[in-house]
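These are my notebook entries on a structure that I had not examined before. I record below what I looked up.

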Amino acid sequence: MALNQELNSYYCDLHVHIGRTSQGQAVKISGSRDLTFANIAKEAAERKGIELIGIIDCHSPGVLEDIRTALDSGEMAEVPGGGIAYRGTTLLTGSEIELREPGRKEFHVLAFMPDLAAMEDFSGWMGRHMRNINLSSQRLYAPAKVLQEEIAGRGGLLIPAHIFTPHKGLYGCAAERMEEIFDLDGIAGVELGLSADSEMAGYIPELDRYSFLTNSDAHSLGKIGREYNVIDMAAPSFSELSLALAREAGRKVSANYGLNPRLGKYHRTYCGGCGSIIDEAAITADRCPYCGSLKLVQGVFDRILSIAGREQPFVPADRPAYHYQVPLEFIPGLGKVKMNALLAAFGTEMNILHRADEAGLAAVAGAELAANIVKARSGQLTLSAGGGGTYGKVVQPPK
């Protein structure tokens with residue numbers, strides 16, 4: 001592989017679930033029924049403008065069958081460097097896996113394989129250590145470091161998923177340091193999750209060495225691309241992604257686009273007693289300051305402060321910019337009719353978010369909506385904090 005090729009920037013979302021197979025078999029129980037392998041490819045290529053998609057339920061035999069059918073029909077093709085091509089978009093075969101180490105809570109990781117044959121072989125191995133290989137995000141009954149060895153032995157990439165969330169994030173509920181669970185040299189990168197950003201992660205020194213990923217964790221077609229990355233590569237493929245995560249040969253993650261952490265479902269601590277989101281500077285007590293309840297669900301921000309290895313966050317010089325991207329679905333006044341009009345005018349959601357100017361947006365959707373889209377690009381919208389499984393919101397100023 002020539003490493004001196006011309007590099008381009010690609011929009012990438014590496015955490016998308018399968019809801020059902022083409023035969024209607026459930027994969028992600030909480031996923032949309034129309035979230036099939038073929039529909040994800042079409043949504044990413046034709047509506048979203050996402051050029052590299054990681055589909056993380058490809059270990060399921062029914063999904064593998066769908067992929068083989070798409071390849072055999074000629075609708076899709078395997079690409080040099082690894083991946084499945086559909087109309088300029090590459091789909092990577094991956095898996096989300098649940099692990100639980102002795103004495104710890106369960107957490108999730110992503111595993112990507114270099115090609116379909118490797119994923120089929122990996123699925124066969126997982127099936128011997130899993131109760132239901134057909135479903136998404138299932139518990140693997142094997143030690144974390146054994147999984148790490150199996151992924152590395154097939155040339156794959158291991159990426160801990162949504163690392164700070166209290167619901168099955170490695171730091172969020174399972175460990176204070178990743179080195180307690182994994183060999184740090186065998187981690188390709190980390191996924192921040194919807195309630196954290198690069199600065200928040202900067203409180204944890206062992207993360208300084210890794211590339212950060214911001215992915216959607218989409219459970220429906222509409223959620224694809226709500227968080228995404230810009231990655232500089234010669235082409236969208238597994239091998240190029242591997243180089244980019246390692247920051248080799250000029251390849252790199254050059255930008256993260258994610259929700260402002262205040263919009264995340266688990267950003268601040270939530271009280272199960274009175275339903276309050278405790279949006280204070282810091283939470284130091286074990287009781288709710290409003291009702292006295294002990295039923296607190298610790299938020300991402302508060303968890304990070306409690307396990308911080310530094311008093312102030314550190315952001316390495318090679319860390320790309322983290323852009324607060326408010327997804328189009330969060331923007332007040334943008335309904336289906338105006339959204340379809342914008343897509344008709346500009347082609348894809350990435351074009352609307354990044355390439356259309358305010359005058360062009362206003363000509364299609366009106367001045368107020370165009371102004372809100374532009375404010376969303378620059379982080380100027382006012383937000384309320386999320387917590388306890390409820391998203392934050394864009395706050396409309398009074399008229």
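I began with the largest pocket, which holds about 540 Å³ of space. (On a 1 Å grid over the protein atoms alone, a pocket is an open set of points where a 1.4 Å probe fits, with protein on both sides within 12 Å along at least five of seven lines; lining residues have an atom within 4 Å of a point. The volume is the space filled by probe spheres set on the points.) Of its 27 lining residues, H162, H167, D217, H219 and K265 are the closest to the centre.

I noted my sources. The model is predicted: local features need pLDDT of at least 70, side-chain atom pairs count only at pLDDT 80 or more, and totals for chains, interfaces and linings use all residues. Residues are numbered from 1 along each chain as its sequence is written, and side-chain values use heavy atoms, with hydrogens and water left out.

In β5, 11 of 11 residues are buried (under 20% relative accessible area, 1.4 Å probe, protein chains only).

I then looked up the partners of β5 (two strands pair if DSSP finds at least two bridges between them). Strand β2 (residues 52-55) pairs with β5 in the parallel sense over four bridges, and G54 has L92 as its bridge partner. Strand β4 (residues 84-86) runs antiparallel to β5, with three bridges. Strand β6 (residues 107-112) is joined to β5 by six antiparallel bridges; there, E98 stands opposite H108.

How values were computed:
Buried means under 20% relative accessible area, exposed over 50%, partly exposed in between (1.4 Å probe, protein chains only).
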